[in-house]
Amino acid sequence: MKKNVLEWLEDTAKRLPDKKAFSTGTASLTFKELMEYSRRVGSALIKRMLPSDPVAVFMGRDADTVAAFLGVVYSGRVYAPIDAALPEERIRTILGILKPSAIVTDDEHSSRLLSLKDDDTPLFNIKELREDTEDSLALGEVRKKMVETDPLYVIFTSGSSGIPKGVITSHHALMTYISAYTEVMGIDGGDTLGGQSPLDYIAAIRDIYVPLLTGARTYLLPKEYFMQPEKLFGCMNEEKITAVGWSASSLSLLCSLNAFQGQRPEFLRKICFSGSVLSGKALSCWQENLPEALFVNQYGPTEATASCTYYKLDHVVSEDEKIPIGRPYDNYRIILIKEDNSEAGKGEMGEICVGGPALALGYYGDIERTRSAFVQNPLERRFDDRIYRTGDLGRMNEEGLLEFHGRSDRQIKHIGHRVELDEIETAALKSEHIKECASLYNEEKEVIWLFYAGDIEKGALALALRKTLPGFMVPRKLKQLEELPRLPNGKVDFNSLKPYMGL
Amino acid sequence: MTICKGVLNSNVLFYKKLKMEVDMRDQILEILTEQRPDVDFNSETSLVTNGILESFDIVSIVAELDDTFDIEISPKELVAENFDSLDAIEAMVERLSEEE
């Protein structure tokens with residue numbers, strides 16, 4: 001087995017030098033170009049003698065961004081993708097946690113970055129880095145010191161205290177997942193992947209690394225096409241997209257927009273969906289329109305490198321069917337642990353815990369939170385066995401397939417993103433006009449609500465929230481109340497708020 | 001007299017139509033503002049092109065417009081040109097209402 005993602009890139013560049021690896025509507029890179037580009041960026045970063053801290057990458061959704069990521073890896077550092085569309089305050093928080101050794105950006109995003117960066121972290125334009133010459137000796141020296149458990153990236157996700165968590169993952173974990181995923185989906189060099197997610201988001205690791213392993217090409221689909229189904233499917237047909245790994249909510253969204261009334265994505269044969277529970281109604285709509293395609297339901301957290309289990313659909317589901325999350329991927333271990341720390345038996349509910357090489361190394365710069373989420377397997381007392389407690393509840397059904405049964409805390413999955421409702425409340429309470437507030441989720445309608453008491457118009461509140469939270473986390477329903485209903489013990493009475501949401 | 005009556009009728013019709021259009025615009029604005037109270041829909045002209053509206057905003061807005069005006073916004077209508085501004089959305093709703 002290989003021990004570094006760069007070996008995947010180099011092997012494929014040797015095997016298929018002129019085949020396209022990544023493309024968008026305006027630009028593309030072949031495997032050879034991508035490798036040479038990344039090596040030049042890596043050489044340039046080494047030459048600049050930076051500290052060993054991660055390098056933040058603050059760029060758009062382009063092939064160049066992938067070259068920037070891999071260039072950072074060539075330099076022997078960890079990359080941390082940051083979505084340029086995030087609100088200023090969040091970017092500042094992320095940079096504060098990361099304390100990057102440098103930030104790589106492009107023409108389009110450098111001015112925004114300059115306006116919000118208040119320290120002397122060096123800033124490099126990718127254009128300037130790629131003009132450097134390759135220093136194969138220096139690259140070789142770096143590589144000699146690398147081992148497969150070295151960290152590869154830091155990806156930020158919602159944290160309940162209002163501070164995002166940077167999940168740090170190794171080469172080995174990433175390679176474990178991508179190999180297992182590629183096998184389940186049957187993806188090879190003949191496939192073209194249609195990328196949906198922003199490149200800083202965990203789901204994008206499939207679009208980035210599956211090509212490096214298999215020689216497939218990834219086409220980055222424009223985000224706004226997901227609201228314009230004719231354009232989306234038209235573009236997928238033009239690019240002959242054969243395989244996608246999309247958020248479940250984008251599949252259901254396209255059904256809600258009656259996307260299949262027009263043309264269908266003719267070449268699409270492999271579809272993986274993840275991120276939240278997909279309704280039987282939405283899945284059957286896709287299955288009926290693409291009867292030849294393979295559908296795979298994937299489940300798993302960023303902390304286990306995007307995934308742990310998968311379920312290959314073997315029948316067209318009925319509208320009210322609950323789709324199991326299935327079986328562990330190759331080289332993943334799943335155990336269900338009950339509240340008393342004993343193992344859940346068949347049919348019993350337990351917390352889904354993950355073990356094996358795909359576990360993340362932890363949360364960047366936060367040993368405390370790492371230790372409380374990545375713990376010793378309570379079923380193993382004889383040697384160290386690290387597991388990750390997902391906080392999700394699951395049960396093994398009669399057929400030995402895992403079913404998902406929600407969460408024990410206030411974390412939700414909203415349009416494919418993980419959201420802590422506590423984080424929304426913390427953000428709202430930062431406004432001096434808010435006396436108290438409570439955030440709830442209407443899962444069926446995919447709408448986040450915020451109930452609040454305070455002297456502020458909902459428009460102004462939404463605007464204020466937009467300054468600290470990513471767009472998808474801003475509640476779309478804001479309801480001002482005189483005061484929040486309370487239970488006798490003083491806690492907010494969530495049940496009496498539910499009627500407002502039509503529940 | 002007949003002529004006068006004709007003029008009067010056409011005036012009434014004109015004002016009725018004008019009032020309907022004003023109502024329609026207000027209703028659309030209400031739907032949009034309900035979904036996104038933070039956006040100034042009277043001035044924005046690149047709602048989709050600049051990514052101000054997210055895809056799940058569009059889904060909610062389309063469902064509300066379909067219900068309120070008894071129209072069916074088909075996938076063929078779901079293009080940025082029809083959703084980039086209040087004017088564009090109004091023009092689309094008006095066109096689809098007349099087709100019904």
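**Aromatic pairs and charges over rings**

Tutor: A search of the whole structure finds 16 aromatic pairs over all chains. Rings of Phe, Tyr and Trp (its six-membered ring) pair if their centres lie within 6.5 Å; planes under 30 degrees apart are stacked, over 60 edge-to-face and the rest tilted. This is a predicted model: local features need pLDDT of at least 70, side-chain atom pairs count only at pLDDT 80 or more, and totals for chains, interfaces and linings use all residues. Side-chain values use heavy atoms, without hydrogens and water.

Student: Why is the pair of A:Phe233 and A:Trp286 edge-to-face?

Tutor: Because the planes of A:Phe233 and A:Trp286 stand at 85°, with the ring centres 6.2 Å apart. A:Phe233 belongs to helix H10 (residues 229-238) and A:Trp286 to helix H12 (residues 280-289), both of chain A, so the pair ties together parts 53 residues apart in sequence. Helices (H or I, at least four residues) and strands (E, at least two) are DSSP runs, numbered from the N terminus.

Student: Are A:Phe233 and A:Trp286 buried or exposed?

Tutor: Both A:Phe233 and A:Trp286 are buried, that is, under 20% relative accessible area (1.4 Å probe, protein chains only).

Student: Which aromatic pair does A:Trp246 form?

Tutor: A:Trp246 pairs edge-to-face with A:Trp286, at 6.3 Å centre to centre and 90° between the planes.

Student: Changing topic, which charged end sits over the ring of A:Phe124?

Tutor: That of A:Arg48, 5.2 Å from the ring centre. A charge sits over a ring if NZ of Lys or CZ of Arg is within 6 Å of the ring centre and within 35 degrees of the ring normal.

Technical notes:
Residues are numbered from 1 along each chain as its sequence is written. Chains are lettered from A and ligands numbered from 1 in the order in which they are written. Buried means under 20% relative accessible area, exposed over 50%, partly exposed in between (1.4 Å probe, protein chains only).
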